[in-house]
Structure formats: C-alpha cells, structure tokens
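Here is a colleague's note on the model, point by point. Please read it with the coordinates open.

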Amino acid sequence: MALRSELATEGRRQRVVIFLGDNAYPRGLPAPNQPGRRTAELNLAAQVESITASGATGYFVPGNHDWAKHSADGWEAIKRQAAFIDSAGGGAVSMHPRGGCPGPDVVDVGNRLRLVLLDTQWWLHRGPKPQDPYSDCPADAEREIVDSLRAALTGASGRLVVVAAHHLLVSGGEHGGYFGWKDHLFPLRVAVSWLWIPLPLLGSLYPSARQQGFSSQDVPSRAYQRLIAAFGRAFAGAPPALYASGHDHNLQVIRGGSARLNLVSGAGIYGHTTDVTRIHGTLFARDASGFARLDVPRSGRARLAVLQVDSAGRSREVFSTWVE
C-alpha cells in the first residue's frame, strides 16, 4: 500500500522499482501443486501489481530464500520465479539476472543512471548452479564476473551507478555478525517468532556460532568473505555511488567500504524486522518496516531517502542524504 501510494505521487517522472531479493519468502516459488505455491504466487503477484498499476518499470533481483532457501532445488526455483514474474509483469517487470546466472546485468536509465543487477546467491550456493564450463551465462566464474562488473562501472559514461543485489557488504545486523540481547536470551525465536523462552548462556551458542562463520549467509563466513573481496577488487577503480541490498530485515544507510554508500533495505514485510546496531560509518539504522527512494534529477546531486511504513500502510520519510 505504501509503495503504491509513493509511486502514485511521483506524477510523470520516470519511476523504476527494484525488489532486493527474498521476493517469495521463505522458500521461493515451489513447484506447481506443492505446499506453499499458492501463497508465494499471491505474494509475488501483489509485488508485481504494485509496479504495473502505476505504469512504472520493475526489476526483481534474487535472494537466498528465492533459491528455495538455499536448498538443492534452488536453481529450479529461480527459473520458476522468473517465469511467473514474466507472466504477471506484462513486459514491464522482470527478474535480473536470470536462470541462476550471477550477472552483472546492466540497465541504463537515460543518461543519468546505470543499474547493475546481481544474483549474489550464486556465490554462496552449495547446490546445483550454472557454472563454468557447463552453463550459458555470459559470466560464470569468479574472474569473469569481476571483470564484467569492473567494466560495467568504468563504462558508465558519467552516469550515477547503483549496484543492486540481495546480499549486503556491510551491516550492523545479524548477517553482519551483530546480535542483540534478545538473540542471546531467547534463541528459540529464530525458529518461532513468538516463542519467548529464556535460555541464558545456552542461548548464546547460536549467535556465537554465526559470528564465527557457521552460516555461509553471514559476513564472517569464508564464502561470504570471498564474495566481499571479489567485489572490492571490482569496485577499486570506480566505486559505485550506491550499493543497495536487503538480507538483514531492517533499514540502514552506511558510508564507507568498497562502495561510497551502502543501503540495507530488507524490511519489506511489515513487522518482520530484526535488531540493528550502529557501526563505524552508520548514518542511519532502524529496526522498522519500510523501503528507500533514490531521487535522480536531470542535473545535480541525487538524494537517498528512507521511508518508514506503519500498520495502516502510510509512509513517512525518516532520513535522507546526498548521493555523490
């Protein structure tokens, strides 16, 4: 509702919407006649319709949950989701990259903005995926991806570059290795959100394991560190103005790292949010539902705004900063 309203107020200006992964939560789009298929269809259709109803253009990047919660069926689940979005989007909405390919896919929006879209789950996925030498992806090995990403950045011809992917590069949330006291005292809430059973000391085992890299979906893990290092090499010569990601279920804007500015916008399910800690470079951090808007004028600086959404579907701007 909030996104619909926001798009409607933009008038005749060109509008582009990017969903930053985990679009069909929690296990992607199941096969036809499988449990959860109908719910996932309804959720995806609602997201697509919020774009098409306004006449905007939309892009979905895949997240780890879209890869069937990073399970063996993930590659097939990604293909199913792309086909569904194609059917529902009527040419105005599509998934990028497609077919489990890592990207980058480049979309130029006029002469002011370049979008570089990535499927970062490709790097972390332990099941089947398109990989050199047995794939049709333009880039399907680490060196090829880094080279293509570097070329997309250096060849932007003066455009503002936004890299959009699901996995964050830096965060004060749990995927970044930061856990609040509730995570240590009530660890069963990870499985069942309303299960508030205190388990002092024992409850710290789970967050501690994740801080040591137990899960490949967390920044401290070896696989994740390899992804971050590769992107650092790709960004070194021409860092993107903004790296937009989801993954952690909160709202953050962080300056520094391999990108000039980092956005974490993973709070698109109302009320499904997680704690966040302010870290070095944090400009804004909030455990709240909402999304972000980037205003790119025909000339001059772009402006990034964070909008918080309430239970009635109303949004209000709670933070803004210039994007250079």
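Is Glu-6 buried or exposed? Glu-6 is buried, at 12% relative accessible area. The model is a predicted one. The points below start from this residue.

1. **The partner of Glu-6.** Glu-6 and Arg-293 meet through their side chains in a salt bridge, at 2.6 Å from N to O. Glu-6 sits in helix α1 (residues 2–8) and Arg-293 in strand β11 (residues 290–295), so the bridge ties together parts 287 residues apart in sequence. Arg-293 has 17% relative accessibility and counts as buried. The cut-off for buried is under 20%, so both Arg-293 and Glu-6 qualify.

2. **A second bridge from Arg-293.** Glu-317 also forms a salt bridge with Arg-293, with the closest N and O atoms 3.3 Å apart. Glu-317 belongs to strand β13 (residues 315–323) and Arg-293 to strand β11, so this pair links parts 24 residues apart in sequence. Salt bridges with shared partners join Glu-6, Arg-293, Asp-295, Arg-303 and Glu-317 into one network. Glu-317 itself is partly exposed, with a relative accessible area of 38%.

3. **The pair Asp-86 and Arg-98.** These two residues form a salt bridge, and their closest N and O atoms are 2.5 Å apart. Asp-86 lies in helix α3 (residues 74–89), while Arg-98 is in the loop between β3 (93–95) and β4 (105–109), so the pair ties together parts twelve residues apart in sequence. Asp-86 is partly exposed at 33% relative accessibility. Arg-98 is partly exposed too, at 34%.

4. **The total.** How many salt bridges does the count come to? The count is 18 salt bridges. Side chains of opposite charge can pair when their charged atoms come close.

5. **Packing of α5 on α8.** Helix α5 (residues 142–154) packs against helix α8 (residues 222–235) at about 40°, with the axes 8 Å apart. That angle makes α5 oblique to α8. The crossing of the two helices is right-handed.

6. **Who meets whom there.** On the α5 side, the contact residues are Glu-142, Val-146, Leu-149, Arg-150 and Leu-153. On the α8 side they are Arg-226, Ala-230, Phe-231, Arg-233, Ala-234 and Phe-235. By class, this contact has seven nonpolar, four charged and no polar residues.

7. **Cis peptide bonds.** Check two proline sites. The peptide bond from Tyr-25 to Pro-26 is cis, with omega near 10°. Pro-26 is in the loop between β1 (16–19) and α2 (37–52). Gly-103 and Pro-104 are also joined by a cis peptide bond, with omega about 5°. Pro-104 falls in the loop between β3 and β4, and Arg-98 of point 3 is in that loop as well.

8. **Positive phi.** Most residues other than glycine have a negative phi, and most peptide bonds are trans. Lys-69 has a phi near 55°, a positive value in a residue other than glycine. Lys-69 is placed in the loop between β2 (57–60) and α3, and is partly exposed at 36% relative accessible area. Ser-157 has a positive phi of about 55° and is not a glycine either. Its loop runs between α5 and β6 (160–164). Is Ser-157 buried or exposed? Ser-157 is exposed, with a relative accessible area of 63%.

Definitions and conventions:
Residues are numbered from 1 along each chain as its sequence is written. This is a predicted model: local features need pLDDT of at least 70, side-chain atom pairs count only at pLDDT 80 or more; totals for chains, interfaces and linings use all residues. Side-chain values use heavy atoms; hydrogens and water are left out. A salt bridge is a side-chain nitrogen of Lys or Arg within 4 Å of a carboxyl oxygen of Asp or Glu. Helices (H or I, at least four residues) and strands (E, at least two) are DSSP runs, numbered from the N terminus. Buried means under 20% relative accessible area, exposed over 50%, partly exposed in between (1.4 Å probe, protein chains only). Axes are lines fitted to C-alpha atoms, for helices over the stretch in contact, and angles run from 0 to 180 degrees between N-to-C directions. Angles under 35 degrees count as roughly parallel, over 145 as roughly antiparallel, 65 to 115 as roughly perpendicular and the rest as oblique. A crossing is left-handed if the near helix is turned anticlockwise from the far one by less than a right angle, and right-handed if clockwise. Contact means heavy atoms within 4.5 Å. Ala, Val, Leu, Ile, Met, Phe, Trp, Tyr, Cys and Pro count as nonpolar, Asp, Glu, Lys and Arg as charged, and the others, Gly among them, as polar.
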